[in-house]
Amino acid sequence: MPETLSHKLIGAHLVEGEMVPGKEIALRMDQALLQDILGTLVMLELDAMGIERVKTSPSVQYIDHTLIQQDNINADAHLFLKSACERLGVWYSGPGNGISHPVHMERFGKPGDSLVGCDSHTTAAGALGMLAIGAGGIEVAMAMAGEPLYLPMPRIIGVELVGQLPDWVSAKDIILELLRRHGVAGARNCILEYYGPGLDGLDAMDRHVLANMGTEMGATTSVFPSDDVIRRFMAARGREAEWSPLAADPGCRYDIDERIDLAKLEPLIALPSSPDKVVPVSEVAGEPVYQAYIGSSGNPGYRDFAVAAEIVKGRSVANGVSLDINPSTRQILAALIDEGHLSSLVAAGARLHQPGCNGCIGMGQAPAAGRNSLRTVPRNFPGRSGTREDSVFLCSPETAAASALHGVITDPRTLDMGYPRVREPNDMTANEQMFVPPLPPEKARGVSLLATDNTPPLPALEALPEAIDAPVLLKVGDNISTDDIMPAGARVLPIWSNIHASAEFTFETVDPGYVERAKERGDAGHIIIAGDNYGQGSSRENAALVPRFLGLQVVIARSIARIHWQNLPCFGVLPLTFEEPTDLDRLQQGDRVHIVGLRQQLAAGQRIVATLNDTDTLYLHHELSPRQQAILSRGGVINWLNREGRARVL
C-alpha cells in the first residue's frame, strides 16, 4: 500500500504498538531539544533518575528564553545548565545564538530523524522532513535516558497546497487560514502533512512557519517532504551531505483531506486573544497600532526580516509606534547586516533586540496596557506578552511592517510600492565555535552540577489514594492555556525551576484565590474542572507539576490538550473527561466528587463512576494506557522509574 510520509517516519521509529489512530505507540527518539526554562527541570529530572549520560544524539540545550539578566537568577541558571550539559553529554548553545527551533534546523536538523523537545514548537523541525514532537520535560528526560516516547497514534491530515501565493501574502497567512477553518483544537491528535505543487514556492523557513504554528491547532506535529528546497537550505549551511530525499508515496491516502489554493489567499490577522480568531486584514484596517513586533519562532526566516526592511527602507515608522525587530538566530542577524537590511530597519526607527524568544514569551518588549500590538509570534493568549491587559494581534511581517509605517492596521496590498522579493544568501554557514560540544565520558564524570537557590531538588510526590473524596477547588471555561495555569513573563519565568517559589503564581490571572485555597487543603487533595481544550499551548510541564505540588489530584474536563493530557499522569494527576459533556454545568466550585476503587475502575475499562455531593452519579471517561496507569499508581514517572529499577539500566 502507498504510504504517507508520516507513516514512513513513524514506522521507521516504531518500537511498540500498532499504527492505528488512537492506540498508544512508542517511538525511538534520535535527537533531543531543550530550551532553558524547561530544560532546567529536565536536567533536575535526569539527576533524580540517576542518569549519567544521555542516549539521544545530538541532544542540545539552548539558552533562548532567559536572556534578560536583570539580576543574577538567569545568569546563574545558564551556568547550571552548562554544567549539566558537560556532565550528561549534551551540546550547549549559549545566549545570543538564537531561538532553539530555527537554530536547530540550521545546525542539527536532519531529514528522517526523530526529535523530541521540551517545547511545544519543537514541531517546527518537521519543515526539514523530521518527525519532530513537543512533549513535557519529564517525557523528554525519559527519551534522553533511552526510553521511547509514548503517545496516541495520530490521524494524518493531508494538506494539499496548490497555486502560488499572491503578492503581499506569505506563509503566516497560510497557517492563519488553517486556524480560521479548524480552530485551536482542530488538529488534536493529528499530524498535518503538507504536499502538492504549492510547496515549490515555499522555502525551508516558510515551511517552518507552518510547522511551528501547527501546534496552535493542537497538532501532534507537522511533516513536510525533504525535497530540493531542503537540499538548498542545508547546502547553504554547509550540511548538504546530511540531506536525503523523503516524500509520501504517490497515491497514498490520508485520514482527512484538506486543500488550500494559495492563489486565493489574502492577508489575514488573528484578533486578540486567540490564534484562531482570524479575519482578513482589510476588515480591521484603520485600527490604531502601538507596537509592531517582527521575529520569534513564528516568523524566523531571513526573508521575514528582509521583506520588512525593504518595506520601511527610506521611510520612517509612524510617530508613537514601536517597531521591534527580534532576529531569530545569530547567522540570520549577521546576514541582515551583510546585506544592508539591518541598517534600513534601524534608519526607519526600528528597535533591535538580541536573537532569542524575548517578547514572544513576555521576556521584554511588553506593550502598554490596552494598546494594540501586532506580532508575528505564534500565540496571543491573554497576558502572554508580559502585559496582563494586552491586545495582541497575530499577522505576517508584511502586515506588521506596513502597519508600523502608517500607525494603524494596514492591508499591505495598499502600500504604494511593488512587492519586495528577497532571497536568502547562498552562504549561511554558522560559526561552529558558538556551540559547545559534549565532554567525553571520562571528563564528564568529574563535573558537578552548579546548583542555585532556584534549582532545588524536585519535590517528592505521593501516589493517588485508592479512594478520592475531594472538593472542586476551581472551575474554568474553554481553552484554558498553560500560560493561564503557570504564567510566563519576566516576573515568573526565571523561577520556573523552583517549584516552591513559582507555585505562588499558579492560576493568578484566572483565580488569584486558588493558591490559598489549595494550601488550606494541603495533602487532602482537590479537583479542577474545565471546559474544552484544557491545557492548550505551551508544553510546560510545570503547569501539571506545580498544581500537583499544591495538592491537585484530578482534572475533569470536556477535553484536554494532548501534551497537557500526557503531562498530568507523569506527575500523578488523573486526567478525566465527562462522558456527557453537559455534566460540566452540573458541577460548581465547592462541590465534592467521590471516586472509590480507583485502580480497579481504571483497569476495568474507560468508564469511571463517581458520586457528586454524595447523591448524584457522575459518569467520567479515561484514555490511559496500562503503562500510564502504572505510572499514576506510583505517583509519577520518576517514582515509577526508580521503583521499577529501570533508571540504572537504561
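Author: The discussion below turns to strand pairing and then to cysteines. This is a predicted model, in which local features need pLDDT of at least 70 and side-chain atom pairs count only at pLDDT 80 or more, while totals for chains, interfaces and linings use all residues. Residues are numbered from 1 along each chain as its sequence is written, and side-chain values use heavy atoms, with hydrogens and water left out.

Reader: Which strands does β21 pair with?

Author: Strands are DSSP runs of E with at least two residues, numbered from the N terminus, and two strands pair if DSSP finds at least two bridges between them. Strand β21 covers residues 468-475. Four bridges join β21 to β25 (residues 592-595) in an antiparallel arrangement, with P471 partnered by R592. Strand β22 (residues 526-530) runs parallel to β21 and is joined to it by three bridges; there, V472 stands opposite I527.

Reader: How many residues of β21 are buried?

Author: Buried means under 20% relative accessible area, exposed over 50%, and partly exposed in between, with a 1.4 Å probe and protein chains only. Six of the eight residues of β21 are buried.

Reader: How many disulfides does the structure hold?

Author: A disulfide is a covalent bond between the sulfur atoms of two cysteines; the criterion here is a pair of cysteine sulfur atoms within 2.5 Å. The structure holds zero disulfides. C190 is in none, and the nearest cysteine sulfur, that of C252, is 16 Å away. C190 is also buried, at 1% relative accessible area.
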